[in-house]
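The following exercises concern a single protein chain.

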Amino acid sequence: IEDGKSCGASFEMDMTGCKLVNFSMPIVNAAPGQTNVCLDITVENFEEIGAYQGSIEFDTSIISYNGILPNDAFPFLQPDVYAQAKGTISFSWLDFSFKGQTVPDGTVIFKLCFDVVGDLGDLGSLVFSSNPTRFEVGDANANKFGIGDLNSGRVIVTDEVLSLYSD
């Protein structure tokens with residue numbers, strides 16, 4: 001680092017105490033025409049969180065948005081289907097107790113449900129995004145947390161039953 005007067009300085013930062021919040025979706029198989037296929041949105045390192053928001057993009061030629069099922073521990077989750085035709089869902093949650101919330105790794109914070117409109121063999125990806133709603137996580141005092149892994153999900157249109165969770 002320099003101060004503009006060629007007076008350089010260097011230092012080390014210990015980031016071992018910084019935990020990043022991870023969000024994940026599974027890979028699921030669904031039959032052609034199947035309705036109400038729900039994907040768990042899970043978290044890791046969700047400690048003293050006061051708010052989160054973001055978007056999820058999906059392929060509308062393969063899956064059609066059916067609804068969102070919130071976890072009762074997150075009663076003020078606000079979904080917004082910006083444009084079903086464009087395949088974007090935005091969501092936000094705020095802890096109105098202003099204490100922050102901690103949940104165990106693997107907790108389902110909400111479920112996204114879809115109807116299958118694609119054909120046998122199609123693969124519908126679901127991707128965490130900051131478009132149009134910026135992906136952010138913060139504490140009860142509006143301090144931002146780091147975002148770790150954003151593990152995308154998939155709906156595979158098949159006649160075989162199988163569900164996998166990606167790492």
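**Exercise 1: a network of charges**

Arg134, Glu136 and Lys144 are linked in a network of salt bridges. The model is a predicted one, in which local features require pLDDT of at least 70 and side-chain atom pairs count only at pLDDT 80 or more, while totals for chains, interfaces and linings use all residues. Residues are numbered from 1 along each chain as its sequence is written, and side-chain values use heavy atoms, with hydrogens and water left out.

Task: Determine which salt bridges build the network of Arg134, Glu136 and Lys144, and classify Glu136 by its accessibility.

Solution. 
- Step 1. The criterion for a salt bridge is a side-chain nitrogen of Lys or Arg within 4 Å of a carboxyl oxygen of Asp or Glu.
- Step 2. Glu136 meets Arg134 with an N to O distance of 3.5 Å.
- Step 3. Glu136 also meets Lys144, here at 2.9 Å from N to O. Glu136 therefore takes part in both pairs of the network.
- Step 4. For accessibility, buried means under 20% relative accessible area, exposed over 50%, and partly exposed in between (1.4 Å probe, protein chains only).
- Step 5. Glu136 has a relative accessible area of 22% and is therefore partly exposed. Arg134, at 54%, counts as exposed, and so does Lys144, at 62%.

**Exercise 2: the open sheet**

Task: Give the order of the five strands in the open sheet and explain why E5 and E11 are its edges.

Solution. 
- Step 1. Two strands are taken to pair if DSSP finds at least two bridges between them.
- Step 2. The order is E5-E8-E3-E1-E11, with mixed pairing.
- Step 3. Strand E5 (63–70) and strand E11 (147–151) each have a single partner strand, so one side of each lacks a neighbour in the sheet.
- Step 4. From one strand to the next, the twist averages 20°. Such angles run from 0 to 180 degrees between N-to-C directions, with axes as lines fitted to C-alpha atoms, for helices over the stretch in contact.
- Step 5. Within the sheet, E1 (residues 21–24) and E3 (residues 37–44) pair in the antiparallel sense over three bridges. Ser24 has Thr42 of E3 as its bridge partner.

**Exercise 3: two buried serines**

Task: For Ser24 and Ser55, state the accessibility and find polar partners of their side chains.

Solution. 
- Step 1. A polar contact is a pair of N or O atoms within 3.5 Å; within protein, one must be able to donate a hydrogen and the other to accept it, and residues adjacent in sequence count only if both atoms are side-chain atoms.
- Step 2. Ser24 is buried because its relative accessibility is 14%. Its side chain has a polar contact of 2.8 Å with that of Asn151.
- Step 3. Ser55, in strand E4 (residues 51–58), is buried because its relative accessible area is 0%.
- Step 4. A polar atom of the Ser55 side chain lies 3.0 Å from the backbone nitrogen of Thr133 and 3.5 Å from the backbone oxygen of Asn131.

**Exercise 4: the nonpolar core**

Task: Name the residues with the most contacts inside the largest nonpolar core.

Solution. 
- Step 1. A nonpolar core is a set of buried Ala, Val, Leu, Ile, Met, Phe, Trp, Tyr and Cys residues joined through side-chain atoms within 4.5 Å.
- Step 2. The largest such core has 35 residues, and Tyr52 and Phe110 have the most contacts inside it. Strand E8 (residues 107–116) gives the most to this core, with five residues.
- Step 3. With contact defined as heavy atoms within 4.5 Å, and neighbours within four places in sequence left aside, the partners of Phe110 include Tyr52, Ile56, Leu77 and Phe91.

Methods
Helix = DSSP H or I, 4+ residues; strand = E, 2+ residues; numbered from the N terminus.
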